[in-house]
Amino acid sequence: MSSGGAAGITAPRVEGRVTVRDGRTLGFAEFGPVGGRPILWLHGTPGARRQIPEAARLAAEDVGVRFVGIDRPGTGLSTSHLSDSILDHIADVEILVDELGFEEFGVIGLSGGGPYALAAGAAMPDRVKVVGVLGGVAPTRGDDAVAGGLVGFLVRFAAVYPPLRVPLGVALTAFVRLMRPLGHQGLAAYARFSPPGDREVFARPEIKAMFLDDLSDAGRRLRGPIDDIILFTRDWGFSVRDVRVPVKSWHGDADHIVPLSHGRHMVDLIPDSELFVRPGESHLGGFGAAEEVLKTLLAAWDMPAVRRIAP
């Protein structure tokens, strides 16, 4: 295990790998006190284990939360592997939390991490105390599906991704490595064509530092985003209607990647769910709500068990 981080942001307290099924590994990074209440942070697409905003890292120290960012397969320190479904990946996550000694924990999923956070709630209802979703991707298959958005567009080409999975992953990794010296300029260019809400997020120095640090590390191995797209365009392996733990969702009303209508659709399907709309904010609005997210999730965690939805 090792620790380290980029200038201008709080470094991980520790980073390492845990061996999961078939001898593969999952990479992780921890922030906050070792004795704090554990909350898994599941990164977006693309992203990696350090994709946790500075405000959340600092708040974790103040309120006693132990954040654990997890690399999905094919990203950062994690072995490349295409799971059978989003739900299937959670069997590896369960091994990681067992290894870290967590009996109960919360989960936060950002964008592409949202489906995995909900899957954790569905698979481990006795251990997951609360789920937070920040601009989360919605299902594209089955009775839970909703049309539209970027992922809805990608569904049209679902048959193309699996046979091109390896070359696309190699190309994406090479591209990120090539662009690494131009990271600041690349973020500036992306921000220039983003909605006003996201431009405000990218204007914050600590957010830029976090993205550059996170993607620089993720670029060691970057097949994960391709695998995410494949799994997003398939059946998730569970119904969000069966998620019985409390779910709190934050969504910008100007989200140009995952429309607000998708957030409303998900909240309508999940039995114990609440939506917080971020006015004027786009897909990255959740980064600006980090302290609110943490406060809300801890309050839900502390609610008496009798308030939960019975199965």
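**Close-up views of a predicted model**

View 1. Gln 51 counts as buried because its relative accessibility is 2% (buried means under 20% relative accessible area, exposed over 50%, partly exposed in between, with a 1.4 Å probe and protein chains only). This is a predicted model: local features need pLDDT of at least 70, side-chain atom pairs count only at pLDDT 80 or more, and totals for chains, interfaces and linings use all residues. Residues are numbered from 1 along each chain as its sequence is written, and side-chain values use heavy atoms, leaving out hydrogens and water. Gln 51 sits in the loop between strand S3 (37-42) and helix H1 (54-63) (helices are DSSP runs of H or I, at least four residues; strands are runs of E, at least two; both are numbered from the N terminus). A polar atom of the Gln 51 side chain lies 3.2 Å from the backbone oxygen of Pro 46. Leaving aside neighbours within four places in sequence, Gln 51 has contacts including Trp 41, Leu 110 and Phe 287 (contact means heavy atoms within 4.5 Å).

**View 2. Helices H1 and H12.** The axes of H1 and H12 (residues 290-301) come within 8 Å and cross at roughly 40° (axes are lines fitted to C-alpha atoms, for helices over the stretch in contact; angles run from 0 to 180 degrees between N-to-C directions). From H1, the contact is made by Ala 55, Ala 56, Ala 59, Ala 60 and Val 63. From H12, Ala 290, Glu 291, Leu 294 and Leu 298 take part.

**View 3. Val 170 in helix H5.** Val 170 belongs to helix H5 (residues 165-179). Val 170 is partly exposed, with a relative accessible area of 45%. Val 170 and Arg 223 are 53 residues apart in sequence, but 7.0 Å apart in space, C-alpha to C-alpha.

How values were computed
Polar contact = N/O pair within 3.5 Å; in protein donor to acceptor, adjacent residues only side chain to side chain.
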